[in-house]
Amino acid sequence: MRGMLGWMAWTTPVAVLFGAIGALLIGMTLWELRSPSVTRRGFLPIATTRGDRLFIGVLAVAFSNLAFVAARPALVTVFGLSAAPSMWIGFALSLMLLLLIMRKG
């Protein structure tokens with residue numbers, strides 16, 4: 001990719017993650033228009049709406065993906081792996097975290 005987005009390392013997992021976040025934003029907008037959310041309390045220390053939990057969840061996804069990328073070299077040495085773990089593992093873990101925050105947060 002050239003131009004404005006050329007600075008980023010666009011791997012397939014990164015592109016899928018950004019596509020999933022975009023789809024979530026569109027889906028949540030349509031859901032909110034159809035059925036406005038109510039404030040509730042979950043395991044998060046504040047009362048939140050669906051939109052609040054989505055925002056917190058997307059931030060958690062971003063930071064957990066960055067943490068996984070940073071931890072990949074260490075995981076090779078700690079667990080004696082022959083190669084770094086797939087980025088798809090980080091993607092799956094991040095989406096599970098997002099689902100947990102959206103459902104129980």
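Colleague: Let's start with α2 and α3: at what angle do they pack, and how far apart are their axes?
Modeller: Happy to, and keep in mind that this is a predicted model. Helices α2 and α3 pack with their axes 8 Å apart, at an angle of about 155 degrees.

Colleague: Does that angle make α2 roughly parallel or roughly antiparallel to α3?
Modeller: The cut-off for roughly antiparallel is an angle over 145 degrees. The angle between α2 and α3 is about 155 degrees. Therefore α2 counts, relative to α3, as roughly antiparallel.

Colleague: What is the hand of the crossing of α2 and α3, and how many residues of each class are in their contact?
Modeller: Where α2 and α3 cross, the crossing is right-handed. Sorted by class, the residues in this contact are 3 charged, 5 polar and 14 nonpolar.

Colleague: Now the pair α1 and α3: is α1 roughly parallel or roughly antiparallel to α3?
Modeller: Helix α1 covers residues 12–34 and helix α3 covers residues 87–104; their axes are 9 Å apart and the packing angle is about 20 degrees. Angles under 35 degrees count as roughly parallel. So α1 is, relative to α3, roughly parallel.

Colleague: Which residues of α3 does α1 meet, and how many charged residues are in that contact?
Modeller: From α1 come Thr-12, Pro-13, Val-16, Leu-17, Leu-24 and Met-28, and they meet Met-87, Trp-88, Phe-91, Leu-98 and Met-102 of α3. By class, the contact of α1 with α3 holds 10 nonpolar residues, 1 polar and no charged.

Colleague: And is α1 roughly parallel or roughly antiparallel to α2?
Modeller: The axes of α1 and α2 lie 11 Å apart, and the two helices pack at an angle of about 175 degrees. With over 145 degrees as the cut-off, that makes α1, relative to α2, roughly antiparallel.

Colleague: How many charged residues are in the contact of α1 with α2?
Modeller: On the α1 side the contact includes Trp-31 and Glu-32, and on the α2 side it includes Arg-50 and Gly-51. Its residues divide into 9 nonpolar and 2 polar, and the number of charged ones is 2.

Colleague: Is Phe-91 buried or exposed?
Modeller: Phe-91 sits in helix α3. Its relative accessible area is 13%. Because the cut-off for that class is under 20%, Phe-91 counts as buried.

Colleague: Leaving aside neighbours within four places in sequence, which residues is Phe-91 in contact with?
Modeller: In space, Phe-91 and Val-14 are 8.3 Å apart, C-alpha to C-alpha, while in sequence they are 77 residues apart. With neighbours within four places in sequence set aside, the contacts of Phe-91 are Pro-13, Val-16, Leu-17 and Asn-65.

Colleague: And which residues is Leu-98 in contact with, on the same terms of leaving aside neighbours within four places in sequence?
Modeller: Beyond its neighbours within four places in sequence, Leu-98 has contacts with Leu-24, Leu-54, Gly-57, Val-58 and Val-61.

Colleague: Last one: how far apart in space are Thr-11 and Gly-42?
Modeller: Thr-11 lies in the segment before α1 and is partly exposed, at 38% relative accessibility. In sequence, Thr-11 and Gly-42 are 31 residues apart, and their C-alpha to C-alpha distance is 35 Å.

Technical notes: Residues are numbered from 1 along each chain as its sequence is written. This is a predicted model: local features need pLDDT of at least 70, side-chain atom pairs count only at pLDDT 80 or more; totals for chains, interfaces and linings use all residues. Side-chain values use heavy atoms; hydrogens and water are left out. Axes are lines fitted to C-alpha atoms, for helices over the stretch in contact, and angles run from 0 to 180 degrees between N-to-C directions. Helices (H or I, at least four residues) and strands (E, at least two) are DSSP runs, numbered from the N terminus. Angles under 35 degrees count as roughly parallel, over 145 as roughly antiparallel, 65 to 115 as roughly perpendicular and the rest as oblique. Contact means heavy atoms within 4.5 Å. Ala, Val, Leu, Ile, Met, Phe, Trp, Tyr, Cys and Pro count as nonpolar, Asp, Glu, Lys and Arg as charged, and the others, Gly among them, as polar. Buried means under 20% relative accessible area, exposed over 50%, partly exposed in between (1.4 Å probe, protein chains only). A crossing is left-handed if the near helix is turned anticlockwise from the far one by less than a right angle, and right-handed if clockwise.
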